[in-house]
Protein chains: 2
Amino acid sequence: MRVILVAGTTQTAKIPGISAAGADPSLVGHTPSADAEIVEFGQTVRSPVTPVSPTGCPTPAAITRAVRELTGFDALVVDGGLSEPTGAPTIDVGAMPGRDIREEQPVPTAPGAFEAARQLATTLPEDELVIGETVPGGTTTAMAVLRALGEDFGVSSSLPENPTDLKEEVVADAFDASGLSPGDAAHTPKRAARYLGDPVLPVVAGLTVGALESGIEVTLGGGTQLLTAAALARHAGAVGDLSLATTSYLADDVPHLEDAAEAFDLDLVVTDPEFESHPLDRYAAGEAKEGACMGGALMLADRMGVLDDVEAATLDVLSRLDPEAVDADAVEDDA
Amino acid sequence: MRVILVAGTTQTAKIPGISAAGADPSLVGHTPSADAEIVEFGQTVRSPVTPVSPTGCPTPAAITRAVRELTGFDALVVDGGLSEPTGAPTIDVGAMPGRDIREEQPVPTAPGAFEAARQLATTLPEDELVIGETVPGGTTTAMAVLRALGEDFGVSSSLPENPTDLKEEVVADAFDASGLSPGDAAHTPKRAARYLGDPVLPVVAGLTVGALESGIEVTLGGGTQLLTAAALARHAGAVGDLSLATTSYLADDVPHLEDAAEAFDLDLVVTDPEFESHPLDRYAAGEAKEGACMGGALMLADRMGVLDDVEAATLDVLSRLDPEAVDADAVEDDA
């Protein structure tokens with residue numbers, strides 16, 4: 001079993017109000033590079049910032065790292081179009097940073113990266129993969145891709161109040177720029193990702209297709225972006241068992257999640273980490289919700305019987321990432 | 001503690017007779033990519049070949065992998081100028097494949113990669129690093145770099161008979177092409193690597209300098225190439241405890257090794273894996289000798305009390321890499 005984190009960027013995240021994945025918009029490009037480092041090393045290495053939301057909600061990568069420290073799972077970071085240096089070792093599948101989806105062709109690398117990721121997954125020695133993503137702005141591109149595939153499900157947000165109107169506007173502009181209409185990319189997933197997506201989605205979809213072809217069990221760990229990757233894989237013709245493992249925070253935010261999972265023939269696993277302490281109470285308040293394979297990691301924690309230890313382990317990770325972010329007493333009490 | 005494998009290429013390896021790191025010269029470019037995969041996954045992933053010498057001696061990466069399976073050490077691959085795709089995740093420090101050292105400037109990326117590697121090492125969370133290399137043709141470039149630094153020590157070879165005359169000729173041509181004379185790059189290690197080296201040496205040296213600056217304990221796991229990296233680090237002004245961990249096979253081949261270690265203020269650790277079974281008996285016959293951090297891995301195996309298990313574990317790795325290369329009975333007997 002191995003956890004794969006696909007980390008990349010889209011300029012779509014720079015649109016004001018789209019993403020909470022960074023203390024301010026100038027820093028969102030660093031978030032996936034930093035998330036990869038946190039999962040790999042438990043701390044930032046080359047990244048100049050530790051990702052937090054504008055209100056101080058810590059990155060879900062800290063939870064994934066905490067579960068990794070509790071369970072020892074192997075991790076692998078695939079470069080899904082990083083724009084800033086990362087100290088985490090990455091696998092190259094030819095993905096480049098994505099442009100704003102309001103440009104004509106935001107992800108020219110989508111078809112090549114999809115195929116390279118598919119090939120890669122067919123050769124991995126694992127019998128099970130848990131795949132997650134970190135790409136700020138990714139729910140907006142996911143919304144556009146779902147529409148391009150002709151699927152009508154909505155998407156979540158890392159913000160407490162989903163900026164749905166803004167997303168609708170951006171997605172409408174994206175369709176205008178691409179020359180495509182909703183549904184035009186049904187059964188042509190590479191086209192959907194190339195003209196309306198971000199560089200991470202085709203990589204996750206390619207990995208999923210390749211793994212399913214090779215009889216590797218796949219769990220997609222995340223929310224509506226991973227749901228979209230599953231849609232891309234199904235539109236590519238991939239058959240076989242596929243699960244979506246997400247957090248209770250995400251599931252609470254997406255009432256249609258069960259219907260959507262059923263539509264794409266996904267086993268849905270929802271895990272509640274029952275966070276209470278500051279600053280993890282931001283999750284209970286509806287921030288972040290998912291990301292960096294958090295839902296997949298929580299599923300693994302539950303499977304290995306350490307779910308009750310995740311909050312304390314996460315506070316411990318956070319206390320190393322930023323001692324001031326965590327109340328020292330909370331770490332004591334929870335440990 | 002973490003093992004870092006710096007994997008790269010130099011066109012110097014294509015000179016007939018220079019390297020044994022590949023069944024034939026057309027395949028040597030794949031060797032470091034495959035070695036990285038073997039250390040990471042215990043099998044090849046994207047690489048089309050499993051590296052063996054022309055006579056069938058298996059890559060030292062199999063031994064490093066075996067020790068990893070026995071001890072569970074963390075590994076990290078740094079891209080030191082790979083020319084072929086690898087399925088192993090790698091860290092990018094800006095190194096590009098090296099040209100033939102008989103060209104004027106074989107490694108233009110040397111200064112930048114040295115600095116990026118130095119920076120990277122200062123930020124890693126480890127308290128100890130064991131650093132190795134895989135770069136076919138690397139002993140020839142090491143010879144040239146040592147001369148450029150004004151150091152007179154000779155180098156080893158992956159071949160049973162060191163092609164010393166050929167190397168001398170190539171190195172003489174390299175100096176002609178560079179416009180430098182031996183000793184001209186003393187105390188300017190980036191210059192030595194840029195005009196006479198391969199892309200791996202400045203990365204290993206940069207990592208070493210950065211780690212020593214940060215108080216991280218460093219062991220260089222390998223032979224005369226790692227000795228050369230140590231020389232580069234010392235010429236860069238790096239002070240602090242530095243060890244060279246190598247195999248008995250390499251030490252037997254390099255009579256001046258103790259003197260050289262003393263000259264660069266290195267603690268020398270020599271470990272004998274006492275290989276007897278086919279095909280590992282090729283090592284006792286003087287092939288390969290070192291590579292892919294084998295000496296460093298053996299040191300760790302010895303420290304953790306599993307040195308006696310390395311031969312059986314390596315045969316097990318080899319039986320998975322290429323079932324025909326290993327006598328099934330030997331695996332049974334040794335296990």
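1. Burial of C57(A). C57(A) counts as buried, at 2% relative accessibility; buried here means under 20% relative accessible area, exposed over 50%, and partly exposed in between, with a 1.4 Å probe and protein chains only. The model is predicted: local features need pLDDT of at least 70, side-chain atom pairs count only at pLDDT 80 or more, and totals for chains, interfaces and linings use all residues. Residues are numbered from 1 along each chain as its sequence is written, chains are lettered from A and ligands numbered from 1 in the order in which they are written, and side-chain values use heavy atoms, with hydrogens and water left out.

2. C293(B) is buried, at 1% relative accessibility.

3. P58(A) is found in the loop between α1 and α2 of chain A; helices (H or I, at least four residues) and strands (E, at least two) are DSSP runs, numbered from the N terminus. P58(A) is buried, with a relative accessible area of 4%. Leaving aside residues up to four places away in sequence, P58(A) touches P51(A), V52(A), P279(A), L280(A), Y283(A) and L318(A), where contact means heavy atoms within 4.5 Å.

4. The axes of helix α1 (residues 31–41) and helix α2 (residues 61–71) of chain A come within 8 Å and cross at roughly 15°. Axes are lines fitted to C-alpha atoms, for helices over the stretch in contact, and angles run from 0 to 180 degrees between N-to-C directions. The angle therefore makes α1(A) roughly parallel to α2(A); angles under 35 degrees count as roughly parallel, over 145 as roughly antiparallel, 65 to 115 as roughly perpendicular and the rest as oblique. The crossing is right-handed, which is to say that the near helix is turned clockwise from the far one by less than a right angle, anticlockwise being left-handed.

5. Residues between these helices. On the α1(A) side, D35(A), I38(A), V39(A), E40(A) and F41(A) take part, and they meet A61(A), A62(A), T64(A), R65(A) and R68(A) of α2(A). These residues divide into five nonpolar, one polar and four charged. Ala, Val, Leu, Ile, Met, Phe, Trp, Tyr, Cys and Pro count as nonpolar, Asp, Glu, Lys and Arg as charged, and the others, Gly among them, as polar.

6. Cis peptide bonds. H278(A) and P279(A) are joined by a cis peptide bond, with omega about 0°. P279(A) is placed in the loop between β7 (267–271) and α11 (281–284) of chain A. In chain B, a cis peptide bond with omega about 0° joins H278(B) and P279(B), and P279(B) is in the loop between β7 (266–271) and α11 (281–284).

7. Positive phi values. K289(A), which is not a glycine, has a positive phi of about 75°. This residue sits in the loop between α11 and α12 (294–303) of chain A. Is K289(A) buried or exposed? K289(A) is buried, with a relative accessible area of 3%. E274(B), also a residue other than glycine, has a positive phi near 50°. E274(B) lies in the loop between β7 and α11 of chain B and is exposed, with a relative accessible area of 56%.
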